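Visitor: Could you walk me through this one, with the structure on the screen?
Guide: Gladly, let's take a look together.

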Amino acid sequence: MPREPCLTREHWESYFAEDGRVLNQSEIRKRVFAGGLAEDVRQEVWFFLLGVYPFLSTSREREVLLRSRRMEYRALKEHWKETLRPDKSYCEFLLIFSSFLGNCEGNIHPYTFNSNLQSRKQNTGHDYFSAADDLDPEDQFTFIQAKITAMSHRIDEEHAEKSIVSLAVFLSNSLSRTLERVIEKDVPRTDRETDYFKGDDNIHLEWLHDILVTYAVFHPEVGYVQGMNDVLSIILPVMDDEANAYWCFAQYLETIQKDFMATGMVENLRTLEDLVDIMDPDLRKHLIDIDAGEMIYCHRWLLLGFKREFSQEDALKLFEILCSHHLELSSIEAQRERSKERRHKRQQELGGTELAPQERSIQEEDTFETKFKFALFVCIAILEEYRGQLFQCESLADVFQLINSLSEKMDLDTILLRSEEAFFRYCRNSVHSTSGANSYLLKS
C-alpha cells in the first residue's frame with residue numbers, strides 16, 4: 001500500500017493566514033509524516049519543523065528573527081575565532097583541515113582570553129566593537145549588540161580545543177607532536193562522494209567546520225561528538241546557507257543532544273530493548289540467547305536518524321518525517337483522552353464528586369508515557385522486516401554483519417508502513433480499554 005503524496009508548495013501556501021501565521025500545525029505535521037515534502041518547499045518547512053520559526057509567528061516576526069539570528073551566529077563565530085586563534089600564525093589554525101593528520105614544529109600556545117579590549121586591539125590591530133562594513137545600518141546595529149552578547153560568554157579554551165583538536169602525547173625526544181583532529185578529522189571525510197561536499201577547497205566543508213566548532217564552543221556541556229557532522233550534513237545542503245544551517249542544527253540538537261551523551265544513548269538502547277520485548281518477545285529471547293541482547297548494533301540508526309541506511313533522498317524524507325513528531329503528538333493527545341475518561345469513570349464511582357488533587361495527579365502521572373519515540377518503531381520495523389534472517393544469526397558478529405549489509409538496500413516506504421503498524425499496534429494494546437483514545441489514534 002503506497003503512502004500519501006508529498007506536501008507541495010500549493011498545499012503549503014494554503015496554510016498561511018494573511019499576516020503570515022501558519023495555521024493548523026497538526027495538519028501540516030500529519031501531511032509531512034504521511035508523505036514528506038516536495039523539494040522546492042523543503043527548506044521553508046524545515047525552519048518550522050526544526051523549531052527555528054514558531055508556527056504562529058507572522059511574516060514580519062520571522063524576518064526580524066532571522067536577521068537577528070544571522071547576526072548572532074556571525075558574532076559567535078567571530079568571538080571564538082578571535083579567542084582561539086587571534087591571528088593566522090596559529091599554525092594556520094593547525095593547517096586548517098587539509099589533511100587528516102598533521103605535525104606542527106615547536107610549541108603551540110593557546111591564546112589566553114584578555115578582557116581588556118583596548119589591549120586586545122593593540123595586540124591584534126582589530127576593533128572588537130566595529131561593525132562589519134558589508135552590513136547595512138540596521139544589521140550593523142544588530143551585529144554590534146550580538147557581538148557584545150557573544151563576548152559576555154567566557155570560552156573554556158581547554159574544553160573547546162578538545163572538541164576541535166585532541167592533543168596526543170609528545171613523541172619521545174622530539175619537539176614535534178601529533179595532532180589528532182576531532183572536528184578537523186571528521187569534516188574532510190563527511191559525505192565527500194556527494195556533489196555538495198566533493199572536491200578540494202569546497203566552501204561547504206568550511207561552513208560545516210565552522211558550524212560544528214561554533215556549536216561545540218558555545219555548548220560546552222555537550223561539545224562535539226562524532227556523528228554530529230553526519231547530522232549537520234543532512235541539514236546544510238537543504239539550507240545551503242551557513243548561518244541558517246547553524247540555527248536549524250542547534251535547534252534540532254536541543255531535542256536530541258542527550259542522545260550524543262553516553263547516558264542518553266544507553267537509555268535509548270535500553271528503551272528499544274524493552275520495546276522489542278513487548279512487540280516481539282520471541283525475537284528478544286533469541287537475541288539474548290546469542291549474546292546480542294544489548295542492541296548496540298542499532299546505535300547508528302538512532303544517533304544519525306537512519307541517514308546511512310537509505311539513499312540520500314530517502315534519508316532526507318525520513319529525517320523530516322521523524323521531525324514532524326506527528327504520531328508522538330497524536331499519542332499524547334490520545335493519552336489525554338484516556339486520562340479524561342479514567343477521571344470521569346472514577347468520578348462516577350464516587351457519585352459525581354471531584355477527585356482529590358492527590359488522586360488526580362497520580363492518574364495523570366500514570367497516563368503520560370512518551371519514551372517510545374517513532375524512531376524506535378522504525379527500528380522495530382527493520383527488525384521485523386528481517387526477522388527471519390535475524391533468527392538465522394548465531395552470534396553478535398552475525399547480527400552486526402547482517403545489519404551492515406542492509407545499508408541503502410531497504411525500501412523506505414515498506415519500512416515506514418511497518419513502523420506505523422507497529423506504533424498503532426503498541427498504542428492499541430496500551431489503550432485497548434479506552435474507546436475514546438483508540439478512536440482518536442485511528443483518526444490521526
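**A tour of the interior**

Guide: Let's start with leucine 272, which is buried, its relative accessible area being 0%. Please keep in mind that this is a predicted model.

Visitor: Which residues is leucine 272 in contact with, leaving aside its neighbours within four places in sequence?
Guide: Leucine 272 sits in helix H13, residues 262-279. Leaving aside neighbours within four places in sequence, the contacts of leucine 272 are Met295, Cys298, Leu376, Cys379 and Ile380.

Visitor: How far is the sulfur of cysteine 298 from the closest cysteine sulfur?
Guide: Cysteine 298 is buried, with a relative accessible area of 0%. The closest cysteine sulfur belongs to cysteine 379. A disulfide needs the two sulfur atoms within 2.5 Å, so this pair is too far apart for a bond, at 5.2 Å.

Visitor: How many disulfides does the count come to?
Guide: A disulfide is a covalent bond between the sulfur atoms of two cysteines. With the 2.5 Å cut-off, the count of disulfides comes to zero.

Visitor: Is cysteine 393 buried or exposed?
Guide: The cut-off for buried is under 20% relative accessible area. Cysteine 393 has 6% relative accessibility, so it counts as buried.

Visitor: Which residues have the most contacts inside the largest nonpolar core?
Guide: That core has 113 residues. The residues with the most contacts inside the core are Trp46, Ile235, Phe249, Phe306 and Phe374.

Visitor: Which helices do the buried residues of H3 pack against?
Guide: Helix H3 covers residues 39-49, and its buried residues are Val41, Arg42, Val45, Trp46, Phe47, Phe48 and Leu49. After H3 comes glycine 51, with a positive phi near 95 degrees. The buried residues of H3 pack against H1, H2, H4, H11, H12 and H16.

Visitor: At roughly what angle do the axes of H2 and H16 cross?
Guide: In this pair, Arg29, Val32, Phe33 and Gly35 of H2 meet Lys317, Glu320, Ile321, Cys323 and Ser324 of H16. By class, that contact has four nonpolar, two polar and three charged residues. The crossing is left-handed. The axes of H2 and H16 come within 8 Å, and the angle at which they cross is roughly 145 degrees.

Note on methods:
Residues are numbered from 1 along each chain as its sequence is written. This is a predicted model: local features need pLDDT of at least 70, side-chain atom pairs count only at pLDDT 80 or more; totals for chains, interfaces and linings use all residues. Side-chain values use heavy atoms; hydrogens and water are left out. A nonpolar core is a set of buried Ala, Val, Leu, Ile, Met, Phe, Trp, Tyr and Cys residues joined through side-chain atoms within 4.5 Å. Buried means under 20% relative accessible area, exposed over 50%, partly exposed in between (1.4 Å probe, protein chains only). Helices (H or I, at least four residues) and strands (E, at least two) are DSSP runs, numbered from the N terminus. Contact means heavy atoms within 4.5 Å. Axes are lines fitted to C-alpha atoms, for helices over the stretch in contact, and angles run from 0 to 180 degrees between N-to-C directions. A crossing is left-handed if the near helix is turned anticlockwise from the far one by less than a right angle, and right-handed if clockwise. Ala, Val, Leu, Ile, Met, Phe, Trp, Tyr, Cys and Pro count as nonpolar, Asp, Glu, Lys and Arg as charged, and the others, Gly among them, as polar.
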